[in-house]
Every structure is written in C-alpha cells, then in structure tokens.
Amino acid sequence: MAPIRCPDRCTWLSFHNKGPLIVVIEGDPVLLNRYDAILLDPVKHPHAKHAAARQFADWVTSPQAIGAYALAGEQLFHPSGTEPK
C-alpha cells in the first residue's frame, strides 16, 4: 500500500502518525500560508471597535500567540518576522 500524503504538519501531528503517513514536502516557499490582521480606517469606519481590534491584532501577531502554538512539542506556525521551517 502506498503511503498516505497528509496536507500539512498540523494534521499529520494531530493524526498521531496512524498509518503509513510521511512528510512529502516541507520548507518550500510555495507552501507559505499567510494570515494577516488588517485594521479598519477609523475615519471611514467610526463605529468599529478600534481599540479591541488593535488589542487583538497586537496579540495575534505577538510571539506569545502564533509563534508559541505547538503540537507534540513542535512549533507549527511562524510569525512573519521569522523564517518558516
């Protein structure tokens, strides 16, 4: 039976390597999955919750949020300021 190809490292680790799973590709810049936090312009959107949005954006882009997320002792996400695996 051919090995099963898993879509990403997080899924692979969550699956606890049940079965013949292998990492086929990693580290290719094409695989970069970028997320952004975009704040609204307070002049154009005066009723938005700007302070709460700023607090969330500051937290989610901090090393304590995305960069600290790990599974099975392995960091899964890398803030834009650091190089992905």
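How many helices and strands are there in the protein chain? The protein chain has two helices and four strands, where helices (H or I, at least four residues) and strands (E, at least two) are DSSP runs numbered from the N terminus. Along the sequence they follow the pattern β-α-β-α-β-β. This is a predicted model, in which local features need pLDDT of at least 70 and side-chain atom pairs count only at pLDDT 80 or more, while totals for chains, interfaces and linings use all residues. Residues are numbered from 1 along each chain as its sequence is written, and side-chain values use heavy atoms, with hydrogens and water left out.

The confidence of the model comes next. The predictor's confidence in each residue is given as pLDDT, from 0 to 100. For the protein chain the mean pLDDT is 76, and 79% of the residues reach 70 or more. Confidence is lowest in strand β1 (residues 4-5), with a mean of 50, and highest in α2, with a mean of 90. Where pLDDT is low, the predicted coordinates should not be read in detail.

The surface can be described next. The protein chain has an accessible surface of about 7100 Å², and 61% of this belongs to carbon and sulfur atoms. Accessible areas come from the Shrake-Rupley method with a 1.4 Å probe, and for residues only the protein chains shown count as cover. Of the 85 residues in the protein chain, 13% are buried. Buried means under 20% relative accessible area, exposed means over 50%, and partly exposed lies in between (1.4 Å probe, protein chains only).

Ile 22, Val 24, Ile 25 and Leu 31 make a nonpolar surface patch of about 360 Å². Patches are made of residues with over 30% relative accessible area and no salt bridge; like charges are joined within 9 Å, and nonpolar side chains (Val, Leu, Ile, Met, Phe, Trp, Tyr) within 5 Å. Val 24 sits in the loop between β2 (21-22) and α2 (50-60). Its relative accessible area is 45%, so Val 24 is partly exposed.

Leu 40 is also found in the loop between β2 and α2. Leu 40 counts as partly exposed because its relative accessibility is 48%. Apart from neighbours within four places in sequence, Leu 40 is in contact with His 45, Ala 48 and His 50, contact meaning heavy atoms within 4.5 Å. From Leu 40 to Arg 54 the separation is 14 residues in sequence and 9.7 Å in space, C-alpha to C-alpha.

The side chains of Arg 54 and Asp 58 form a salt bridge at 3.4 Å, N to O. Both residues lie in helix α2, four residues apart, which is about one turn of the helix. Arg 54 is partly exposed because its relative accessibility is 43%.

One aromatic pair is found in a search of the whole structure. The ring centres of Phe 56 and Trp 59 are 6.2 Å apart and the planes stand at 40 degrees, so the pair is tilted. Rings of Phe, Tyr and Trp (its six-membered ring) pair if their centres lie within 6.5 Å; planes under 30 degrees apart count as stacked, over 60 as edge-to-face and the rest as tilted. Phe 56 and Trp 59 both lie in helix α2, three residues apart.

Technical notes. A salt bridge is a side-chain nitrogen of Lys or Arg within 4 Å of a carboxyl oxygen of Asp or Glu.
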